[in-house]
Amino acid sequence: MAFSIKVNGTQHNVDVDGDTPLLWVLREALGLTGTKYGCDVATCGACTIHLGGSVTRSCAVSVQEAGEREIVTIEGLGASALHPLQTAWIEQDVSQCGYCQSGQIMTAAALVAKGAKPSDADIDKAMSNICRCGTYNRIKAAIKRASGQG
């Protein structure tokens, strides 16, 4: 079945089964491999994207369910210049293995987009992504830096 989806500001036509998870449409049909496959049960957050402006685990949403809502992936977040979070991630030397980082940044971007200066508790509440390397303190520092707190 053919679907028309808007990803990172560009309209794409994809011919996939309607039940295909958005994660696989992004990775396999469009070649946007920044969105990672992790747990496949919407728990780890490696596959986090923005769907219609909301943080979404792309492994748990089908292309049919996505409908006409705009999709933003890590590739679209800093397409023309690094997003302030990407800059903060580099400055705080957050990444170790890097596998979860695109999902972490997408979740953090939604938090920072609210324009507030999140507290540690706000960050802990918003960031439910799992990092096997345990870089949580550096993630928190990067979020604070990107929101003008450090």
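Author: Welcome! Let us begin with a term: accessible area here is computed by the Shrake-Rupley method with a 1.4 Å probe. The model above is predicted.

Reader: Thanks! What does the accessible surface of the protein chain come to, and what part of it belongs to carbon and sulfur atoms?

Author: The surface totals about 7500 Å², and carbon and sulfur atoms account for 49% of that. As for the residues, 44% of the 150 count as buried.

Reader: What does the radius of gyration say about the overall form?

Author: The idea is to set the chain beside a compact globule. For 150 residues such a globule would have a radius of gyration near 15 Å, and the protein chain agrees, with 15 Å. The C-alpha trace spans about 50 × 30 × 25 Å along its principal axes.

Reader: Now a helix, please. Which residues of H7 are buried?

Author: First, the general idea. An α-helix has 3.6 residues a turn, so residues three or four places apart point the same way. Now the case here: helix H7 covers residues 136-146, and its buried residues are Ile139, Lys140, Ala142, Ile143 and Ala146. Viewed down the axis of H7, these buried residues fall within an arc of 160°, so they line one face of the helix.

Reader: What do those buried residues pack against?

Author: Their partners are helix H4 (84-91), H5 and H6. After H7 comes Gly148, with a positive phi near 80°.

Reader: Where does Ala116 sit, and how far is its C-alpha atom from that of Gly148?

Author: Look in the loop between helix H5 (101-113) and helix H6 (120-126) for Ala116. Ala116 and Gly148 are 32 residues apart along the chain, and their C-alpha atoms are separated by 9.4 Å.

Reader: Why does Ala116 count as partly exposed?

Author: The cut-offs decide: buried is under 20% relative accessible area and exposed is over 50%, with partly exposed in between. Ala116 has 45%, so it is partly exposed.

Reader: And Ser62, is that buried or exposed?

Author: Ser62 is buried, because its relative accessible area is 8%. Its place is the loop between strand E4 (54-57) and helix H2 (63-66). Leaving aside residues up to four places away in sequence, Ser62 touches Gly18, Asp19, Thr20, Pro21 and Leu22.

Reader: You mentioned a glycine with positive phi. What is the phi of Asp40 and of Ala42?

Author: Asp40 has a positive phi of about 70° although it is not a glycine. Ala42 is not a glycine either, and its phi is positive at about 60°.

Reader: Where in the chain are Asp40 and Ala42?

Author: Asp40 belongs to the loop between helix H1 (22-29) and strand E3 (48-51). Ala42 also lies in the loop between H1 and E3. Asp40 is partly exposed, with a relative accessible area of 38%, and Ala42 is partly exposed too, at 28%.

Conventions
Residues are numbered from 1 along each chain as its sequence is written. This is a predicted model: local features need pLDDT of at least 70, side-chain atom pairs count only at pLDDT 80 or more; totals for chains, interfaces and linings use all residues. Side-chain values use heavy atoms; hydrogens and water are left out. Helices (H or I, at least four residues) and strands (E, at least two) are DSSP runs, numbered from the N terminus. Buried means under 20% relative accessible area, exposed over 50%, partly exposed in between (1.4 Å probe, protein chains only). The arc is that of the directions from the helix axis to the C-beta atoms. Contact means heavy atoms within 4.5 Å. The radius of gyration is taken over C-alpha atoms; the globule rule is 2.2 Å times the number of residues to the power 0.38.
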